[in-house]
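Subject: A structure for you to look at

Hi there,

Here is the structure I promised to pass on. Please open it alongside this note, and then read on for what turned up.

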Amino acid sequence: MTAMGVFLFFGAVMASLAGSTLIWRGTLLDHMWVLNAHAYRQLAPFGKTVGVPFLVLSAALATAGVGWFRHRLWGWRLGVGIIATQILGDLVSIFMGHFAKGAAGVAIASALLLYLLRADVRAAFAARRGIER
């Protein structure tokens, strides 16, 4: 359970860095794109157009992380929604011709989704349902 919450916060940090460097170029943080130069070449021309959605994604991941660690039902639902959306995005990647990358993404995200949908994980969040407002 803890690993999933950490994963959500890690994703929030990464999405925040990506969004920030796409909106505000020329900072020291730009060097992080060496890790994925191909993605930067594809995203950089769009600047703020893709940078802002990355920041929105970061906020959603951070919010899900807070809800996850507090065992709130809405945190679990948001986490499930984010992972399900990732699966859809990876499926689109497969159909766009990026089979290996998309298939790996579908496999990993599906495994995470299956974990989230396990009865014991759901039960950890459902138990708080009566006191959540």
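Before the helix packing, one definition: the axes here are lines fitted to C-alpha atoms, for helices over the stretch in contact, and the angles between their N-to-C directions run from 0 to 180 degrees. Please also keep in mind that this is a predicted model.

Let me start with a helix pair. The axes of H1 (residues 2-23) and H3 (residues 48-69) approach to within 7 Å, with a crossing angle of roughly 160°. Angles over 145 degrees count as roughly antiparallel, so H1 is roughly antiparallel to H3. Their crossing is left-handed. As for what lines this contact, 20 of its residues are nonpolar, nine are polar and one is charged.

Next, the nonpolar cores. The largest of them holds 18 residues, and Trp-68, Trp-76 and Leu-116 have the most contacts inside it. Two or more residues each come from H1, H3, H4 (73-95), H5 (99-116) and H6 (119-126). H4 gives the largest share, with six residues. Apart from this core there is another one, of five residues, including Ala-18, Leu-22, Trp-33 and Ala-39.

Ala-64 sits in helix H3, and because its relative accessibility is 0%, Ala-64 counts as buried. Residues up to four places away in sequence aside, Ala-64 touches Leu-8, Gly-75, Leu-78, Gly-79 and Ile-82. The C-alpha atoms of Ala-64 and Trp-76 are 7.1 Å apart, although twelve residues separate the two along the chain.

Finally, a question about the backbone: which residue other than glycine has a positive phi, near 55°? That is His-71, with phi near 55°. You will find His-71 in the loop between H3 and H4. With a relative accessible area of 28%, His-71 is partly exposed.

Best wishes

Key. Residues numbered from 1 in each chain as written. Predicted model: local features only at pLDDT ≥ 70, side-chain atom pairs only at ≥ 80, totals over all residues. Heavy atoms only, no water. Helix = DSSP H or I, 4+ residues; strand = E, 2+ residues; numbered from the N terminus. Parallel < 35°, antiparallel > 145°, perpendicular 65-115°, else oblique. Left-handed = near helix turned anticlockwise from the far one by under 90°. Nonpolar A, V, L, I, M, F, W, Y, C, P; charged D, E, K, R; others polar. Core = buried A, V, L, I, M, F, W, Y, C linked by side-chain atoms within 4.5 Å. Buried < 20%, exposed > 50% of the residue type's maximum accessible area, 1.4 Å probe, protein only. Contact = heavy atoms within 4.5 Å.
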